[in-house]
Structure formats: C-alpha cells, structure tokens
Amino acid sequence: MHRRLLVLFLLFALPAAAQTIALRAGHVINPATGAVQNNQIILVENGKISSIGTDSTLPKDAQVVDLSNEWVMPGLIDAHTHLTLSEIPGKAPFEASYLKEGTALRSLRGLHNAEIILRAGFTTVREVGNEANYACSDLKQAFKEGWFDGPTMQCAGKIIAPFGGQSVRLPPEQGEFWKWEYIDADSPDEIRRAIHENIYYGADVIKLVADNSAFHYSENDIRVAVEEAHAAGRPVAVHVYGGPAADNVIRGGADSLEHGFGLTDEQLRLMKEKGTFLVGTDFPAAHLAGLNPSNDTLANADVLGKKIIDRLGRANRIGVKMAFGSDTVTEMPGRTRADMMFDYLAVWRAAGVPPADILKAMTTNGAELLRIDKERGSLALGQFADIIAMPADPLQDVESLRKINFVMKNGKIVRSPK
Ligand SMILES: [Zn+2]
C-alpha cells in the first residue's frame, strides 16, 4: 500500500477518541479520611478518572458537567444484597420465594432492582446468595456486555450450608428442593467441592451459613473454606448470628461476618484484632416486622431492632472494620428497594455512628472487603469513574444520600441533575 494511503487508512481505522467528561465539583468528599476539598475539576476518560485537582485545564472538546453546588463522592457499595429475591409477603414460608419464581423471573427482578439502586447511587453490590440458579452471574454478564446500565456486581452463587440450607424441617416427601439455592456440604471435602462448583458458575465470593441448623460449622470447616476460597482469590462471607458458632467463624479466618446480631464485646474485639469485617445488615425494626421469620432470631422485630442498634454501637466504639450491607429482601408499599436500603441510615445514626464513618463503611471499607479497592471506592487517578453527587452535605446529615441526583458508572452518566 502507498505510504500516504496507509496513513489515511490508519487514521480512519482508529476508533474515535472517547470524549472527555469534566466534572466541576463544588465539594469533593474523601470518605477514607472524611476530608473535603472544594472546587475540584475531575476529568474522566475511557471510564476512568484521568485527573483530579484545582488546576486541571479543561480540554477544549470536553463535556462539562456543572456540579459546583454539589457534594461529590465515590459511588456507594452495598456488601450484602439479594437483588433477585423478594420474599412473598404474608408470613409465607421463606422457601415460597424460590418455589414460586424461577431463574428467568428472578433475573428480571434483579435487573429491575439493579437499575433502581444504580440511579439511587449504589454503583457496586455484592450478592450473597439466594439468587436462584446463578441468576447473579447472568446479570453481571449482561451489565458487562453493556446491554443495560447496572452496578458492578459480585456474586456468591449458591449458599454453602450443612444439610438443608436455611430451611428448617421440611417434610421429607418434598425432596431437597432447597438445592436450587443452596449446596449441602457436611465435611471439609464437601465444602471444597461446593466452592469449586460455585466458582465454576461465576462466584466472586464464597458464602457459608454457619449457624442456621442443629449443626454449626466448626473452626476447621471455616478454615478449610477460607484456604480453598483464598487460593482462588475469593473472600469468604459467613452468615452467623453469634455464640460459639461466631467464635468458629472469627477464629477460622473468615473475611466477613454477616449479621452478627448477637456478637459480644469480646468477639468484636477479636474481630478487630484479626481485621475481620462486620457486615451487620443492621435492619430497621419496621423492616424486620415484614420478614417471614425463618428462625427464632428474626421472630420479635422490636427486640431484635434494639439489639441491632446496641451491637452496631458497640462494634463502632470497639473499632471493628465495618462495611455497609442491607440485606433488603422485602417490599414496602410505594417504596423502592433503594428507599429501603437508605432506611438503614437511621439505624446507624441511632447507634451513634458519625456520618463520616457511615460514608466510609459505604465506600472505602466495602471496596477493601470486596477486594476492588485498587479500582473502585475512591476518587483518585486511575480509579474507575463511579461517582455520585448530591445537593446537600452528607457529612452534616447522612440522610442527604437520599437526594443523590448525579450518578456516573464506569465513566457513563446514568443520572444527571439537569
Ligand atoms: Zn442475606
């Protein structure tokens, strides 16, 4: 080919450079420290933050977004979601949700909720099981393909538990139908096998249930799960309420305890020492009242609601690392899944957790637990541009998060104030 022709050919063959987006940010919050910097310019190119500071020069062709009257921060992370699940109301047994809805419908429910929570400011979620037959993996794929705008999703696949999943004494005539949502694993070898199966089908995190049946996972069972999952680069999240089962989970080296409503100060101190995360799923009492209780722990909403506030306050005072996790699985009339996730803020406030620490639990800490802190969870050079903004200061009033009116996901604006 003639040289000049070749140059022309190359020029036209190259993809057009993606347009730079420049955010004029009035107040930028660093949730890792609680510090605020005013009048920053954030440049976003190819999905990532390419510059942040006061003296960035605006490229001529940049698309400028005026957020000069807004508080800007990294997108929110919920480390304990079940977007594909909604409990059937009216005290139906917990299992009714997966007896009545198949994987296709569950995926669509997940898509519906994912779109709502992304627009509300949650740019990353960790689905910790109860996702039918690996619906989360399919949703994650659909978002990666760009078919829909959704949050970054991490999936746990099927929950690993001793025989029977989280079902309590179903009649034997019904068969082991919990296996649509759970894998029975009653020995270290079965735990290893279950982890391999989950990872094969797309799991990013391994979820175990330690104390939902007569048999609790031993410290050695947990250690085996942790060794196996870590060898594949996945963290381990364990559902546990408290008692000796929680000792096993902490000492066995789990990355996070999910729920932990009954944790003692001694256990919380051990978690701090070992760097174990608490994902407290700190339910407001009103939400607990709507749950279909699958066990005695969930039976009395008011008592448990108070216990949760107390435990959250103690965990905060002791200095346990906490990541925000909502575990919202019910519906309330006229309210979205996102509205309900923000209801947890009132519990954190009631427990005396300062707004800065709440924001940290919802961003920096979540990113660390999810092992994505090199890519997401802060506004820094080279991070994916998951950016939210709101017209009021969440460090003064954390409920300002309900007013989020700008959301950028991987550099794409999915919601804008104008
Ligand atoms: Zn859950």
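These notebook entries record what I looked up in a predicted model.

**Ground rules.** I number residues from 1 along each chain as its sequence is written, and I keep to heavy atoms for side-chain values, with hydrogens and water left out. Because the model is predicted, local features need pLDDT of at least 70 and side-chain atom pairs count only at pLDDT 80 or more, whereas totals for chains, interfaces and linings use all residues.

**Zinc site.** I began with the zinc ion, which is coordinated by His80 (NE2), His82 (NE2) and Asp327 (OD) at 2.1 to 2.2 Å; donors are N, O and S atoms within 2.8 Å of the metal (3.2 Å for Na, K and Ca), and since water is not among the atoms, sites may look incomplete. Along the chain the donors follow the spacing H-x1-H-x244-D. I noted that histidine 80 and histidine 82 are both buried, where buried means under 20% relative accessible area, exposed over 50% and partly exposed in between (1.4 Å probe, protein chains only).

**Threonine 84.** I placed threonine 84 in the loop between strand E5 (76-81) and helix H2 (96-100); helices (H or I, at least four residues) and strands (E, at least two) are DSSP runs, numbered from the N terminus. Threonine 84 counts as buried because its relative accessible area is 0%. Leaving aside neighbours within four places in sequence, I found threonine 84 in contact with residues including Arg106, Arg109, Glu127 and Asn130, contact meaning heavy atoms within 4.5 Å. The threonine 84 side chain reaches the backbone oxygen of asparagine 130 at 3.4 Å, which I read as a polar contact (a pair of N or O atoms within 3.5 Å; within protein, one must be able to donate a hydrogen and the other to accept it, and residues adjacent in sequence count only if both atoms are side-chain atoms).

**Asparagine 113.** Asparagine 113 is found in helix H3 (residues 103-120) and counts as buried because its relative accessibility is 4%. A polar atom of the asparagine 113 side chain lies 2.9 Å from the backbone oxygen of leucine 83. With neighbours within four places in sequence left aside, asparagine 113 is in contact with Leu83 and Arg337.

**Helix H10.** I then followed H10 (residues 301-318), whose 18 residues reach 25 Å from first C-alpha to last, close to the 26 Å expected at 1.5 Å a residue; the expected span is 1.5 Å times one less than the number of residues. At the N-terminal end, asparagine 300 caps H10, with a side-chain oxygen 3.3 Å from the backbone nitrogen of aspartate 302. Just after H10, glycine 319 takes a positive phi of about 95°. Among the buried residues of H10 are Leu304, Ile308, Arg311 and Leu312, and their cover includes helix H8 (265-274) and helix H12 (344-350).

**Cavities.** My search of the whole structure finds two cavities of 30 Å³ or more, a cavity being a set of points, on a 1 Å grid over the protein atoms alone, where a 1.4 Å probe fits but cannot get out, with lining residues having an atom within 4 Å of a point. Grid points are joined across faces, edges and corners, and a volume is the space filled by probe spheres set on the points. The largest cavity has a volume of about 250 Å³.

Key
On a 1 Å grid over the protein atoms alone, a cavity is a set of points where a 1.4 Å probe fits but cannot get out, and a pocket is an open set with protein on both sides within 12 Å along at least five of seven lines; lining residues have an atom within 4 Å of a point.
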